Amino acid sequence: MSSHTDATRILGVGILGAGPVTQAIHLPSLARLGHILAVRHIMDVDPTVAESVAARVGAAHSTSIDALLGDPDVDIVAICSPHQFHAEQVIAACRAGKKAVLCEKPFAMNADEAARISAVSQETAVPIIVGAMHTFDPGWIAASENWGELPEHAHTIRSSIVLPPNARFEDFATEIITRPAGAAPDYSDPEVIKGALRGGVMGLAIHDLPLIRRFTPDFKDVEVLEARNVRPFGYVISLRTPTRSIELRAAMNNTWKPEWSFEAVSDDAALRIDFTPSYVQAGSAVATLTQGTRTTVHGPFEHNGYEGEWRELAALATGEKQPPSAQSLIDDLTFALDIAEATVAHVDTRNAVVEGARA
């Protein structure tokens, strides 16, 4: 891609979208990895934002995707734009001949877009990873190397998230229903509840759904047993497959201690992973694995998944590692979409039952 020929040179990064995720997550992570990665180009539709963020890291800036993709100093593209643009931008980055692409969640909005991305990735041989940071956390990776047959035998899986109010997640959970600026959602409106639940799945639960799918071999047969929103922002969703019970819980408020945990339980083993809260840059997840009477703890390690995903990108761009299969990314997305739609359908069914009882 670049005029440089040294195989050990620092790889150039271009970032599409200079919002909070770029500023608070990616730039600090990249600053710690200056020996292998350097930000070369920042693109944002707001020229003032693009210029000011680029100035922090000594990068070029533009308001044009074409300018970034045409920059010969950009080897790796990170897509941090609004989610409705992800699919087209992933495809464009692949076709531009870049060495690797990172796309924030979700990398597509439907199965058709995902299939197009898969085809282009195979055609161009450009590796793509999705920014599900927990899958790149050393605590998760250490657990996966030691949990044995737990994924095959687990019967209960839980994701529990308690966070302080976070505007990014709140906006994602409500933008589908286009609330008036600054107004609180009207939770007496069934459409508002459905929009909040769909946004909760696709904006927050989606972080852990790849982990859950790893423990759910029959994930295509998922069924929603119960779904309700938690005010001001959150959800409680109970699911099942023919062999698994799955619980998704999230709450955002100022009263509980932040927590982000994943659990998987079988008859004779249990795994609990405690992740660092969102936007925390230091320390990794800690995995506690109990097998029979023996308990082992893995972590904390020196970095978490925010840095881990950039380490992975560098390894993919240099050919040191093989990319994840496109089918795996599609299955992760399909799992999330299926849960989001089944959750909304469950609310519709429940409302219909209530209305029928009143009639």
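Hi everyone, let's begin with a definition: the expected span of a helix is 1.5 Å times one less than its number of residues. Before we use it, note that this is a predicted model, where local features need pLDDT of at least 70, side-chain atom pairs count only at pLDDT 80 or more, and totals for chains, interfaces and linings use all residues. Residues are numbered from 1 along each chain as its sequence is written, and side-chain values use heavy atoms, leaving out hydrogens and water.

Now the overall picture. The protein has 12 helices and 14 strands; here helices (H or I, at least four residues) and strands (E, at least two) are DSSP runs, numbered from the N terminus. Of its 359 residues, 53% count as buried, meaning under 20% relative accessible area with a 1.4 Å probe, protein chains only.

Let's look at helix α5, residues 111-124. Just after the helix, Ala 125 has a positive phi of about 60°. The buried residues of α5 include Glu 113, Ile 117 and Ser 121. In general, residues three or four places apart in an α-helix point the same way, because there are 3.6 residues a turn.

Last stop: Ser 81, in the loop between β4 (76-79) and α4 (86-95). Is Ser 81 buried or exposed? Ser 81 counts as buried because its relative accessibility is 12%. Leaving aside residues up to four places away in sequence, Ser 81 touches Leu 16, His 86 and Gln 89, with contact meaning heavy atoms within 4.5 Å.

Methods: Buried means under 20% relative accessible area, exposed over 50%, partly exposed in between (1.4 Å probe, protein chains only).
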